[in-house]
Amino acid sequence: ALPNHHAGLGAPASEVAWHAVLVGLPWVLQPAWGPLVDRFGDFRMGRRRFWAVAALAGSLAALLLLFAVADAPGELGRTSPVLAAHSAFACLLDTAVDGMIIDRVPPAKLGRANASTRAGFVSGIAVGAAVFASVLPAHGLH
């Protein structure tokens, strides 16, 4: 929604595309987190729980950093790197949680667990989009 909003405000297509690349790149590189999460971790918390907590803290820090970003309407210059950092932490969290599921769920039930996580992902996007769509007009962004 953010790239579309800024495009509507007059952001050039190159800036909107660059934003999409920066925010999407961590998800392309997500497989690189796997060996790191599997090899290193604070075993007192659990092998992957350390990474989940670190990713949540980093994600929250990146979102709080958005308050300090002051891009003009139609510009994504400073917002894009902050959201790219948030995406990187979200990828790390996704990798850590997937690893925890693999560690804890019996192999015969992994398919059901995978389906449940996917259903939660899709449902979360749908609910978030519905809420976002209802909030935007209240703030003058039709």
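Trainee: Why is Asp38 called partly exposed?
Mentor: Asp38 has a relative accessible area of 40%. Buried means under 20%, exposed means over 50%, and partly exposed is in between, with a 1.4 Å probe and protein chains only. Asp38, at 40%, is therefore partly exposed. Before we go on, this is a predicted model, in which local features need pLDDT of at least 70 and side-chain atom pairs count only at pLDDT 80 or more, while totals for chains, interfaces and linings use all residues. Residues are numbered from 1 along each chain as its sequence is written, and side-chain values use heavy atoms, leaving out hydrogens and water.

Trainee: Is Arg48 buried or exposed?
Mentor: Arg48 is buried, because its relative accessible area is 7%, and the cut-off for buried is under 20%.

Trainee: What makes Asp38 and Arg48 a salt bridge?
Mentor: Their side chains meet at 2.6 Å, N to O. A salt bridge is a side-chain nitrogen of Lys or Arg within 4 Å of a carboxyl oxygen of Asp or Glu, so this pair qualifies. Asp38 sits in helix α3 (residues 33–39) and Arg48 in the loop between α3 and α4 (49–65), so the pair ties together parts that are 10 residues apart in sequence. Helices here (H or I, at least four residues) are DSSP runs, numbered from the N terminus.

Trainee: Which residue does Arg48 meet in a salt bridge at 2.1 Å?
Mentor: That is Asp103, again counted N to O between side chains. This pair links distant parts of the chain, with Arg48 in the loop between α3 and α4 and Asp103 in helix α5, 55 residues apart. Salt bridges that share partners join Asp38, Arg48 and Asp103 into one network. The search of the whole structure finds 2 salt bridges.

Trainee: How do you know that the span of α5 is close to what is expected?
Mentor: The expected span of a helix is 1.5 Å times one less than its number of residues. α5 has 26 residues and reaches 37 Å from its first C-alpha to its last, close to the 38 Å expected. Helix α2 (residues 13–28) has 16 residues and reaches 22 Å, close to the 22 Å expected.

Trainee: What do the buried residues of α5 pack against?
Mentor: They pack against α1, α2, α3, α4 and α6, where contact means heavy atoms within 4.5 Å. Among the buried residues of α5 are Leu83, Cys91 and Ile101. In α2, Val16, His19 and Pro26 are buried, and what covers them includes α1 (2–8) and α5.

Trainee: How many helices and strands are there?
Mentor: The protein has 6 helices and 0 strands. Of its 142 residues, 24% count as buried.

Trainee: What is the class make-up of the lining of the second largest pocket?
Mentor: The lining has 9 nonpolar, 2 polar and 3 charged residues. Nonpolar covers Ala, Val, Leu, Ile, Met, Phe, Trp, Tyr, Cys and Pro, charged covers Asp, Glu, Lys and Arg, and the others, Gly among them, are polar. α5 gives the most to this lining, with 7 residues.

Methods
Helices (H or I, at least four residues) and strands (E, at least two) are DSSP runs, numbered from the N terminus.
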